[in-house]
Amino acid sequence: MSEQPAIEPNSIETPLAAAVARRPEPVVRAITHDDVRAALSEGLSDFRAAPAYGLFFGAVYAAGGILLVLLTAYSGMGYLAYPLAAGFALIGPFVAVGLYEVSRRRDAGEPLGWRPILGVVFSQSRRELGWMAFVTLFIMIIWLYQVRLLLAIFLGFQSFASLGEFLTVVFTTPEGLMFLFVGNIVGAVLSAALFSLTVVSFPLLLDRDVDFITAMITSVKAVIAAPVPMLGWAAFIVASLVVATVPFFLGLLIVLPALGHATWRLYKRAVEPAAG
(Lines give C-alpha, C1' and ligand atoms only; values in the text may rest on other atoms or scores of the structure.)
Protein backbone atom coordinates (compact mmCIF):
# COMPACT_ATOMS: atom_id res chain seq x y z
CA MET A 1 0.00 0.00 0.00
CA SER A 2 1.63 3.20 -1.17
CA GLU A 3 1.98 6.08 1.21
CA GLN A 4 0.34 9.37 0.37
CA PRO A 5 2.73 12.33 0.40
CA ALA A 6 2.39 14.43 3.53
CA ILE A 7 0.76 17.80 3.03
CA GLU A 8 2.19 20.67 4.98
CA PRO A 9 -0.53 22.73 6.71
CA ASN A 10 0.83 25.94 5.24
CA SER A 11 0.76 24.49 1.73
CA ILE A 12 -3.04 24.42 1.61
CA GLU A 13 -4.14 27.48 -0.30
CA THR A 14 -7.77 28.46 -0.43
CA PRO A 15 -9.11 30.27 -3.52
CA LEU A 16 -9.57 33.44 -1.44
CA ALA A 17 -6.00 33.28 -0.12
CA ALA A 18 -4.68 32.70 -3.63
CA ALA A 19 -6.64 35.68 -4.96
CA VAL A 20 -5.36 37.92 -2.20
CA ALA A 21 -1.81 36.70 -2.74
CA ARG A 22 -1.97 37.48 -6.46
CA ARG A 23 -3.55 40.90 -5.94
CA PRO A 24 -0.90 43.63 -6.09
CA GLU A 25 -0.81 46.06 -3.21
CA PRO A 26 -1.66 49.68 -4.10
CA VAL A 27 1.40 51.91 -4.14
CA VAL A 28 1.13 55.36 -2.56
CA ARG A 29 2.90 58.58 -3.56
CA ALA A 30 3.89 61.46 -1.32
CA ILE A 31 1.64 64.34 -2.34
CA THR A 32 2.46 68.03 -1.91
CA HIS A 33 0.47 71.16 -1.16
CA ASP A 34 0.42 71.78 -4.91
CA ASP A 35 -1.31 68.42 -5.37
CA VAL A 36 -3.96 69.42 -2.83
CA ARG A 37 -4.59 72.73 -4.58
CA ALA A 38 -4.69 71.05 -7.99
CA ALA A 39 -7.10 68.37 -6.72
CA LEU A 40 -9.43 71.05 -5.39
CA SER A 41 -9.31 72.94 -8.68
CA GLU A 42 -9.98 69.76 -10.67
CA GLY A 43 -12.78 68.82 -8.30
CA LEU A 44 -14.47 72.16 -8.86
CA SER A 45 -14.16 71.57 -12.61
CA ASP A 46 -15.91 68.21 -12.20
CA PHE A 47 -18.69 69.91 -10.26
CA ARG A 48 -19.15 72.59 -12.88
CA ALA A 49 -19.16 69.99 -15.65
CA ALA A 50 -21.96 67.94 -14.04
CA PRO A 51 -23.64 70.17 -11.42
CA ALA A 52 -26.91 68.23 -11.21
CA TYR A 53 -25.26 65.21 -9.60
CA GLY A 54 -23.33 67.32 -7.13
CA LEU A 55 -26.42 69.28 -6.11
CA PHE A 56 -28.40 66.05 -5.71
CA PHE A 57 -25.92 64.35 -3.39
CA GLY A 58 -25.32 67.62 -1.55
CA ALA A 59 -29.08 67.97 -1.01
CA VAL A 60 -29.32 64.40 0.31
CA TYR A 61 -26.51 65.08 2.78
CA ALA A 62 -27.96 68.45 3.85
CA ALA A 63 -31.43 66.91 4.29
CA GLY A 64 -29.95 64.24 6.56
CA GLY A 65 -28.32 66.88 8.75
CA ILE A 66 -31.49 68.97 8.94
CA LEU A 67 -33.51 65.89 9.85
CA LEU A 68 -31.14 65.00 12.69
CA VAL A 69 -31.34 68.51 14.17
CA LEU A 70 -35.14 68.58 13.90
CA LEU A 71 -35.42 65.17 15.57
CA THR A 72 -33.26 66.27 18.49
CA ALA A 73 -35.33 69.43 18.90
CA TYR A 74 -38.62 67.49 18.68
CA SER A 75 -37.47 64.94 21.26
CA GLY A 76 -36.37 67.64 23.71
CA MET A 77 -32.67 66.84 23.29
CA GLY A 78 -31.61 69.98 21.47
CA TYR A 79 -28.34 69.97 23.39
CA LEU A 80 -27.28 67.02 21.21
CA ALA A 81 -27.64 69.08 18.02
CA TYR A 82 -23.99 70.16 17.97
CA PRO A 83 -22.41 66.72 18.63
CA LEU A 84 -24.84 65.12 16.18
CA ALA A 85 -24.00 67.68 13.51
CA ALA A 86 -20.28 67.13 14.14
CA GLY A 87 -20.70 63.35 14.07
CA PHE A 88 -22.84 63.53 10.95
CA ALA A 89 -19.89 65.04 9.10
CA LEU A 90 -18.03 61.75 9.62
CA ILE A 91 -20.26 59.90 7.14
CA GLY A 92 -19.63 62.41 4.36
CA PRO A 93 -17.16 60.14 2.49
CA PHE A 94 -19.80 57.44 2.09
CA VAL A 95 -22.42 59.89 0.82
CA ALA A 96 -19.88 61.17 -1.71
CA VAL A 97 -19.49 57.77 -3.42
CA GLY A 98 -21.79 58.90 -6.22
CA LEU A 99 -19.55 61.92 -6.78
CA TYR A 100 -16.48 59.68 -7.02
CA GLU A 101 -18.30 57.70 -9.70
CA VAL A 102 -19.07 60.87 -11.66
CA SER A 103 -15.38 61.82 -11.63
CA ARG A 104 -14.33 58.28 -12.51
CA ARG A 105 -16.67 58.21 -15.50
CA ARG A 106 -15.37 61.56 -16.72
CA ASP A 107 -11.80 60.21 -16.54
CA ALA A 108 -12.76 57.04 -18.41
CA GLY A 109 -14.83 58.87 -21.00
CA GLU A 110 -17.94 56.94 -19.98
CA PRO A 111 -21.38 58.54 -20.32
CA LEU A 112 -23.03 60.01 -17.24
CA GLY A 113 -26.53 58.97 -16.24
CA TRP A 114 -28.65 58.68 -13.13
CA ARG A 115 -29.23 54.94 -13.52
CA PRO A 116 -25.57 53.85 -13.71
CA ILE A 117 -24.40 56.31 -11.05
CA LEU A 118 -27.10 55.46 -8.52
CA GLY A 119 -26.71 51.80 -9.45
CA VAL A 120 -23.05 51.94 -8.49
CA VAL A 121 -23.92 53.56 -5.16
CA PHE A 122 -26.43 50.84 -4.24
CA SER A 123 -24.29 47.97 -5.54
CA GLN A 124 -21.23 49.17 -3.66
CA SER A 125 -23.19 49.19 -0.39
CA ARG A 126 -23.33 45.38 -0.63
CA ARG A 127 -19.62 45.00 -1.34
CA GLU A 128 -16.40 45.99 0.46
CA LEU A 129 -17.48 49.61 0.53
CA GLY A 130 -20.36 48.59 2.76
CA TRP A 131 -17.84 47.45 5.36
CA MET A 132 -16.15 50.83 5.17
CA ALA A 133 -19.52 52.45 5.81
CA PHE A 134 -19.85 50.21 8.88
CA VAL A 135 -16.44 51.40 10.14
CA THR A 136 -17.52 55.01 9.65
CA LEU A 137 -20.83 54.53 11.47
CA PHE A 138 -19.06 52.65 14.28
CA ILE A 139 -16.75 55.61 14.90
CA MET A 140 -19.74 57.96 14.79
CA ILE A 141 -21.45 55.84 17.47
CA ILE A 142 -18.30 55.98 19.61
CA TRP A 143 -18.33 59.77 19.22
CA LEU A 144 -21.95 60.02 20.41
CA TYR A 145 -21.33 57.71 23.38
CA GLN A 146 -18.31 59.70 24.51
CA VAL A 147 -20.41 62.89 24.31
CA ARG A 148 -22.99 61.36 26.65
CA LEU A 149 -20.20 60.17 28.95
CA LEU A 150 -18.57 63.60 29.09
CA LEU A 151 -21.95 65.22 29.72
CA ALA A 152 -22.43 62.95 32.72
CA ILE A 153 -18.90 63.60 34.01
CA PHE A 154 -18.81 67.38 33.69
CA LEU A 155 -22.46 68.46 33.76
CA GLY A 156 -24.07 65.65 35.71
CA PHE A 157 -27.40 64.24 34.65
CA GLN A 158 -29.17 67.57 34.49
CA SER A 159 -31.59 68.13 31.63
CA PHE A 160 -31.75 71.19 29.41
CA ALA A 161 -35.00 72.70 28.23
CA SER A 162 -33.49 74.07 25.03
CA LEU A 163 -30.32 74.30 22.99
CA GLY A 164 -29.94 77.91 24.15
CA GLU A 165 -29.92 76.85 27.81
CA PHE A 166 -27.35 74.15 27.05
CA LEU A 167 -25.08 76.62 25.24
CA THR A 168 -25.38 79.08 28.12
CA VAL A 169 -24.19 76.44 30.59
CA VAL A 170 -21.40 75.28 28.28
CA PHE A 171 -19.97 78.74 27.59
CA THR A 172 -20.48 80.42 30.97
CA THR A 173 -19.53 77.79 33.56
CA PRO A 174 -16.14 76.17 34.32
CA GLU A 175 -17.70 72.71 34.00
CA GLY A 176 -19.21 73.59 30.64
CA LEU A 177 -15.95 74.97 29.29
CA MET A 178 -14.11 71.85 30.44
CA PHE A 179 -16.74 69.68 28.73
CA LEU A 180 -16.30 71.70 25.54
CA PHE A 181 -12.51 71.47 25.70
CA VAL A 182 -12.26 67.74 26.41
CA GLY A 183 -15.08 66.90 24.01
CA ASN A 184 -13.42 68.72 21.14
CA ILE A 185 -10.07 67.09 21.90
CA VAL A 186 -11.62 63.61 21.84
CA GLY A 187 -13.60 64.50 18.74
CA ALA A 188 -10.45 65.72 17.00
CA VAL A 189 -8.66 62.45 17.79
CA LEU A 190 -11.56 60.37 16.43
CA SER A 191 -11.83 62.57 13.36
CA ALA A 192 -8.09 62.30 12.68
CA ALA A 193 -8.26 58.52 12.99
CA LEU A 194 -11.25 58.31 10.66
CA PHE A 195 -9.67 60.71 8.18
CA SER A 196 -6.53 58.57 8.04
CA LEU A 197 -8.61 55.44 7.43
CA THR A 198 -10.87 56.92 4.76
CA VAL A 199 -9.08 59.74 2.91
CA VAL A 200 -8.38 57.48 -0.08
CA SER A 201 -10.04 54.20 0.92
CA PHE A 202 -13.54 55.01 -0.38
CA PRO A 203 -12.33 56.07 -3.86
CA LEU A 204 -9.90 53.13 -3.92
CA LEU A 205 -12.67 50.61 -3.23
CA LEU A 206 -14.76 52.12 -5.99
CA ASP A 207 -11.86 52.15 -8.44
CA ARG A 208 -10.22 48.77 -7.81
CA ASP A 209 -10.91 45.23 -6.69
CA VAL A 210 -9.37 45.39 -3.21
CA ASP A 211 -10.70 44.49 0.23
CA PHE A 212 -11.59 47.17 2.75
CA ILE A 213 -8.68 46.26 5.07
CA THR A 214 -6.21 46.85 2.25
CA ALA A 215 -8.00 50.09 1.40
CA MET A 216 -7.71 51.37 4.98
CA ILE A 217 -4.03 50.39 5.19
CA THR A 218 -3.36 52.18 1.90
CA SER A 219 -5.17 55.26 3.20
CA VAL A 220 -3.05 55.34 6.36
CA LYS A 221 0.10 54.89 4.25
CA ALA A 222 -0.92 57.85 2.10
CA VAL A 223 -1.26 60.01 5.21
CA ILE A 224 2.08 58.83 6.63
CA ALA A 225 3.79 59.49 3.28
CA ALA A 226 2.69 63.14 3.28
CA PRO A 227 1.48 64.11 6.77
CA VAL A 228 1.65 67.90 6.39
CA PRO A 229 -0.30 68.22 3.10
CA MET A 230 -2.80 65.63 4.33
CA LEU A 231 -3.21 67.52 7.62
CA GLY A 232 -3.81 70.68 5.63
CA TRP A 233 -6.43 68.90 3.53
CA ALA A 234 -8.14 67.60 6.68
CA ALA A 235 -8.18 71.09 8.21
CA PHE A 236 -9.64 72.51 4.99
CA ILE A 237 -12.40 69.87 5.03
CA VAL A 238 -13.28 70.65 8.65
CA ALA A 239 -13.36 74.41 8.07
CA SER A 240 -15.45 74.00 4.91
CA LEU A 241 -17.99 71.76 6.61
CA VAL A 242 -18.28 74.10 9.59
CA VAL A 243 -19.00 77.04 7.30
CA ALA A 244 -21.41 74.92 5.25
CA THR A 245 -23.47 73.89 8.27
CA VAL A 246 -23.91 77.41 9.65
CA PRO A 247 -26.79 78.35 7.29
CA PHE A 248 -28.81 75.32 8.49
CA PHE A 249 -26.72 72.86 6.43
CA LEU A 250 -27.63 74.57 3.15
CA GLY A 251 -23.99 75.28 2.36
CA LEU A 252 -23.52 71.54 1.90
CA LEU A 253 -25.26 71.84 -1.46
CA ILE A 254 -22.02 73.33 -2.76
CA VAL A 255 -19.37 72.19 -0.29
CA LEU A 256 -20.08 68.44 -0.37
CA PRO A 257 -19.82 68.04 -4.15
CA ALA A 258 -16.72 70.24 -4.29
CA LEU A 259 -15.01 68.21 -1.57
CA GLY A 260 -16.26 64.89 -2.98
CA HIS A 261 -14.90 65.46 -6.47
CA ALA A 262 -11.67 66.89 -5.02
CA THR A 263 -11.23 63.77 -2.86
CA TRP A 264 -11.32 61.61 -5.97
CA ARG A 265 -8.74 63.85 -7.64
CA LEU A 266 -6.51 63.70 -4.56
CA TYR A 267 -6.81 59.90 -4.51
CA LYS A 268 -5.62 59.73 -8.12
CA ARG A 269 -2.57 61.77 -7.13
CA ALA A 270 -1.86 59.90 -3.88
CA VAL A 271 -2.13 56.33 -5.23
CA GLU A 272 -0.22 54.98 -8.22
CA PRO A 273 -2.36 53.68 -11.12
CA ALA A 274 -2.93 49.93 -11.09
CA ALA A 275 -0.30 47.98 -12.99
CA GLY A 276 -1.49 46.88 -16.41
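Me: How many residues does H8 have, and how far does it reach from its first C-alpha to its last?

Reply: H8 has 28 residues and reaches 41 Å end to end, C-alpha to C-alpha, close to the 40 Å expected at 1.5 Å a residue. The expected span is 1.5 Å times one less than the number of residues in the helix. Helices here are DSSP runs of H or I with at least four residues, strands are runs of E with at least two, and both are numbered from the N terminus. This is a predicted model: local features need pLDDT of at least 70, side-chain atom pairs count only at pLDDT 80 or more, and totals for chains, interfaces and linings use all residues. Residues are numbered from 1 along each chain as its sequence is written, and side-chain values use heavy atoms, with hydrogens and water left out.

Me: Thanks. What comes just after H8?

Reply: Gly156, which takes a positive phi of about 70°.

Me: Zooming out, how many helices and strands does the protein chain have?

Reply: There are 14 helices and zero strands. Of the 276 residues in the protein chain, 43% are buried, where buried means under 20% relative accessible area, exposed means over 50%, and partly exposed is in between (1.4 Å probe, protein chains only). Taking contacts (heavy atoms within 4.5 Å) between residues at least 6 apart in sequence, 78% join residues at least 24 apart.

Me: Which residues have the most contacts inside the largest nonpolar core?

Reply: Phe195, Met230 and Trp233, in a core of 68 residues. H8 gives the largest share of this core, with ten residues. A nonpolar core is a set of buried Ala, Val, Leu, Ile, Met, Phe, Trp, Tyr and Cys residues joined through side-chain atoms within 4.5 Å.

Me: And what does Phe195 touch?

Reply: Not counting residues up to four places away in sequence, Phe195 touches Ser219, Val223, Met230, Trp233, Ala234 and Ile237. Ser219 and Val223 are also among the buried residues of H12.

Me: Ok, H12 then. What do its buried residues pack against?

Reply: They pack against H8, H10, H11, H13 and H14. H12 covers residues 212-225 and reaches 20 Å from its first C-alpha to its last, close to the 20 Å expected for its 14 residues. At its start, a side-chain oxygen of Asp211 comes within 3.1 Å of the backbone nitrogen of Ile213.

Me: At what angle do H2 and H13 cross?

Reply: Roughly 35°, with the axes of H2 (residues 33-49) and H13 (residues 227-245) coming within 8 Å. The axes are lines fitted to C-alpha atoms, for helices over the stretch in contact, and angles run from 0 to 180 degrees between N-to-C directions. His33, Val36 and Leu40 in H2 meet Val228, Pro229, Trp233 and Phe236 in H13. By class, this contact of H2 with H13 has six nonpolar residues, one polar and no charged. Ala, Val, Leu, Ile, Met, Phe, Trp, Tyr, Cys and Pro count as nonpolar, Asp, Glu, Lys and Arg as charged, and the others, Gly among them, as polar.

Me: Switching to Ser103: buried or exposed?

Reply: Ser103 counts as buried because its relative accessibility is 0%. Ser103 sits in H6 (residues 97-108).

Me: What does the side chain of Ser103 make a polar contact with?

Reply: With the side chain of His261, at 2.8 Å. A polar contact is a pair of N or O atoms within 3.5 Å; within protein, one must be able to donate a hydrogen and the other to accept it, and residues adjacent in sequence count only if both atoms are side-chain atoms. Leaving aside neighbours within four places in sequence, Ser103 also contacts Asp46, Trp264 and Arg265.

Me: Last one, Phe57. Which residues is it in contact with?

Reply: Beyond its neighbours within four places in sequence, Phe57 contacts Val95, Gly98, Leu99, Ile117, Leu118, Val121 and Leu256. Phe57 lies in H3 (residues 51-74) and counts as buried, because its relative accessibility is 5%. Phe57 and Ile254 are 197 residues apart in sequence, yet 9.8 Å apart in space, C-alpha to C-alpha.

Me: And Leu112, where is its place?

Reply: In the loop between H6 and H7. At 33% relative accessibility, Leu112 counts as partly exposed. Its contacts, leaving aside neighbours within four places in sequence, are Ala50, Tyr53, Val102, Arg105 and Ile117.
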